[in-house]
Amino acid sequence: MDSGGGTRFDTSKNFFNVINGKTRSSSRASQGTNPSTMEQLPDVPIASSLDLDEAVRGSRAAFAEWSTIPVERRKALVKSFADTLEAHCEPFAHLLTLEQGKPLRFARAEINNGVFRARTLCNLDLKEESRFEDEKRRAILSYAPLGVCALIVPWNFPISLSTQKIASALVTGNTIILKPSPFTPYCGLKLGELAQQIFPPGVFQVLNGDHELGPWITAHPGIDKISFTGSIPTGKKVMESASRTLKRVTLELGGNDPCIICDDVDIEETVAKVAIISLLNSGQICIAVKRIYVQENVYDRFLDAFVNYVKALKLGDGFEEGVFIGPLQNEQQYEIAKRFLSDIESQNLKVALGGSVNVIGTGLFITPTVVDRPPDTSDLVKEEPFAPIIPLLSWKNEEEVVSRANETKTGLGGSVWSKDIARATRIARKLQVGTTWINEHGALDPRVPFSGLKESGYGTELGLEGLKAFCNSKVIFIPK
Ligand code: NAD
């Protein structure tokens, strides 16, 4: 694959869908936008329903063989895919910053993280187990692949989220159709091209489309599983549509992660860590800290230190040296952020920092905004802004803060910060979330399952449980 001499993909060349081992153009095309400059990016194909039918046929045909080859061979090919991705880190990082907006160093980190997730998932063993045995017979449990899996991903982490789904689906013996977000199709399409050097035709396909492709996929009778990461409203549509053909579904959805700061923390150190995970990727992370609850007696010191820390973070084009906060990824998200800012103004909330869009050329920039104790009933506390707009709240006692933190329809992640680990663990156990961290927030490990409670998700990704989600359990009773 052409990577423009090693450091860049040649974006003047075409981008393609990949169907049954071959690149495929389309009669209709769309374009992404660089959100730092609003420059229009090259054409990408829009898949037709016939393209989808063909990809499904290709995947079903490839499944017959792929599902039966030894798992160690499948793992070797997935590792080789990870190696190739690593070898193309620079061109992928450049393309990712161009289409997504994130600073180049974080684009590199995302690719390395994708490589790490793929490799680590290959090191997990989904072993056959003996579940029961008596004098007459024993029951053997094994895990059989589901068939054709559609992997539908959002625009905030186009590579790492794709890679964890790709590795989990393929090592367990499924074939895949990857569908990137139409806002960030370029890296996903290149991943598909790259994969053709490694996997047999039909094992790994990728289709970019417009708003019709997702619903076609979820309704398609030839697809066996939807692994979806995206927003809660879309997740509900996916589940509803998939139910008509009883497809297996995993949903990784939105969150509104609380972080509870106790009064014994080292303020400067904690502020730095919490600010980073609040504002990384311009706040566009499902498990970003989105509500910061600080114990009342240290609230003012924490707020001052937080504002000073955030003020020093550089906002700008992801290709500029030293930038920490890039633009929002797309105009739709920018409009949502602007609605939050206008609500803050119209409700006279106390802004400690920022509060406005930021005019840097024509890009989709928002000044990092910190709001001092908005009411618990405000949208900023109740909803996920998915932007660098952070509410700080104060609390008096444990019961009260736990109940406020849990007062939401979401339950993805949360964190508790204290030098007293027993106290932090006690609070952590009461949070109604899938993952709770103590004195950190947001770090995932591919060996550990990840799932959302309440409306944050359905099912599990990562870890052995994530691999099982790409399988049916199968039992054989063997007589003695
Ligand atoms: P989105 O729901 O708009 O889109 C996600 C994907 O679904 C895209 O590929 C899109 O084209 C596709 N899609 C849209 N409509 C569809 C339909 N009717 N049927 C099938 N597919 C359809 O989400 P987004 O705006 O791209 O992503 C942001 C959201 O994702 C946030 O809420 C964020 O919290 C969430 N997210 C969750 C996780 C997690 O692991 N829990 C990780 C990252 C992002």
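Colleague: Where is phenylalanine 199 found?
Modeller: In this predicted model, phenylalanine 199 sits in the loop that runs between helix H6 (186-195) and strand E9 (204-206).

Colleague: Is phenylalanine 199 buried or exposed there?
Modeller: Phenylalanine 199 counts as buried, because its relative accessible area is 4% and the cut-off for buried is under 20%.

Colleague: And which residues is phenylalanine 199 in contact with, leaving aside neighbours within four places in sequence?
Modeller: With those neighbours left aside, phenylalanine 199 is in contact with Trp66, Leu77, Val78, Phe81, Leu170 and Phe204. As for glutamine 31, which is 168 residues apart from phenylalanine 199 along the chain, the two C-alpha atoms are separated by 28 Å.

Colleague: Switching to pockets, what volume does the second largest pocket have?
Modeller: The second largest pocket has a volume of about 610 Å³, and of the 28 residues that line this pocket, the closest to its centre are Asn113, Arg117, Phe157, Ile285 and Gly442.

Colleague: Which helix gives the most to that lining?
Modeller: Helix H4 gives the most, with 5 residues, while H4 (104-122) and H5 (160-171) each supply at least two. By class, the lining of the second largest pocket is made up of 15 nonpolar, 8 polar and 5 charged residues.

Colleague: One more topic: what does the side chain of arginine 404 make a polar contact with?
Modeller: Arginine 404, which lies in helix H13 (residues 398-405), makes a side-chain to side-chain polar contact with glutamate 400 at 2.6 Å. Not counting residues up to four places away in sequence, arginine 404 also touches Arg291, Tyr293, Asp376, Leu393, Ser394 and Trp395.

Key: Residues numbered from 1 in each chain as written. Predicted model: local features only at pLDDT ≥ 70, side-chain atom pairs only at ≥ 80, totals over all residues. Heavy atoms only, no water. 1 Å grid on protein atoms, 1.4 Å probe; cavity = no way out; pocket = protein on both sides within 12 Å on 5 of 7 lines; lining within 4 Å. Points joined across faces, edges and corners; volume = space filled by probe spheres on them. Helix = DSSP H or I, 4+ residues; strand = E, 2+ residues; numbered from the N terminus. Nonpolar A, V, L, I, M, F, W, Y, C, P; charged D, E, K, R; others polar. Polar contact = N/O pair within 3.5 Å; in protein donor to acceptor, adjacent residues only side chain to side chain. Contact = heavy atoms within 4.5 Å. Buried < 20%, exposed > 50% of the residue type's maximum accessible area, 1.4 Å probe, protein only.
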